Amino acid sequence: VSSGSRTALNVPETAVVASGAGQYVFVEQEPGLYLKRVIKPGLNADGRVEVLEGLKEGERVVVQGAFTLKSELEKESLEAEHGH
């Protein structure tokens, strides 16, 4: 389906993590360092999700293991909250 001259970035749907606050992906800043980036998703087709906002061309997105990173992040924040 052509959407005119608009070219949007898209990522595999395995890269997109949904939370109560919306949807996000993990972007690799450098090897072993990942940042959570909130995105505005668009169309979802053929196993890929269009990214309307929140991602720049050429950024490396975690495709496999995004849910693992999410659970690690949640575990770390829980430990931080409880002072361990």
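Modeller: Let's start with a rule: two strands pair if DSSP finds at least two bridges between them. Strands are DSSP runs of E with at least two residues, helices are runs of H or I with at least four, and both are numbered from the N terminus. The model is predicted, with local features needing pLDDT of at least 70 and side-chain atom pairs pLDDT 80 or more, while totals for chains, interfaces and linings use all residues. Residues are numbered from 1 along each chain as its sequence is written, and side-chain values use heavy atoms, leaving out hydrogens and water.

Colleague: How do you know that strand S3 and strand S4 pair?

Modeller: Seven bridges join S3 (residues 22-30) to S4 (residues 33-45) in the antiparallel sense. The rule asks for at least two, so they pair. In one of those bridges, valine 25 has arginine 37 in S4 as its partner. The two strands make a hairpin with two residues between them, and glycine 32 in the turn has a positive phi of about 85°.

Colleague: And what joins S4 to strand S5?

Modeller: Four bridges, again antiparallel, with S5 covering residues 48-53. Asparagine 44 is opposite valine 49, and alanine 45 is opposite arginine 48.

Colleague: What makes the edges of the sheet?

Modeller: The five strands form an open sheet, ordered S1-S5-S4-S3-S2, with antiparallel pairing. Strand S1 (9-12) and strand S2 (17-19) each have a single partner strand, so one side of each has no neighbour in the sheet. Helix H1 (residues 66-81) packs on this sheet and touches S2, S3 and S4; contact means heavy atoms within 4.5 Å.

Colleague: Why is the pair of tyrosine 24 and phenylalanine 26 called edge-to-face?

Modeller: The structure holds one aromatic pair. Its ring centres are 5.6 Å apart and its planes stand at 85°, so it is edge-to-face. For the rule, rings of Phe, Tyr and Trp (its six-membered ring) pair with centres within 6.5 Å; planes under 30 degrees apart are stacked, over 60 edge-to-face, and the rest tilted.

Colleague: How do you know that the charged end of lysine 36 sits over a ring?

Modeller: The charged end is 4.5 Å from the centre of the tyrosine 24 ring. The rule wants NZ of Lys or CZ of Arg within 6 Å of the ring centre and within 35 degrees of the ring normal.

Colleague: Why is valine 51 called buried?

Modeller: Its relative accessible area is 5%, and buried means under 20%, exposed over 50%, and partly exposed in between (1.4 Å probe, protein chains only). Setting aside neighbours within four places in sequence, valine 51 is in contact with residues including Leu9, Val11 and Ile39.

Colleague: Which parts do glutamate 59 and arginine 37 tie together?

Modeller: Their side chains meet in a salt bridge at 2.9 Å, N to O. Glutamate 59 belongs to the loop between S5 and H1 and arginine 37 to strand S4, so the pair ties parts 22 residues apart in sequence. Glutamate 59 is partly exposed at 22% relative accessibility.

Terms used: Axes are lines fitted to C-alpha atoms, for helices over the stretch in contact, and angles run from 0 to 180 degrees between N-to-C directions. A salt bridge is a side-chain nitrogen of Lys or Arg within 4 Å of a carboxyl oxygen of Asp or Glu.
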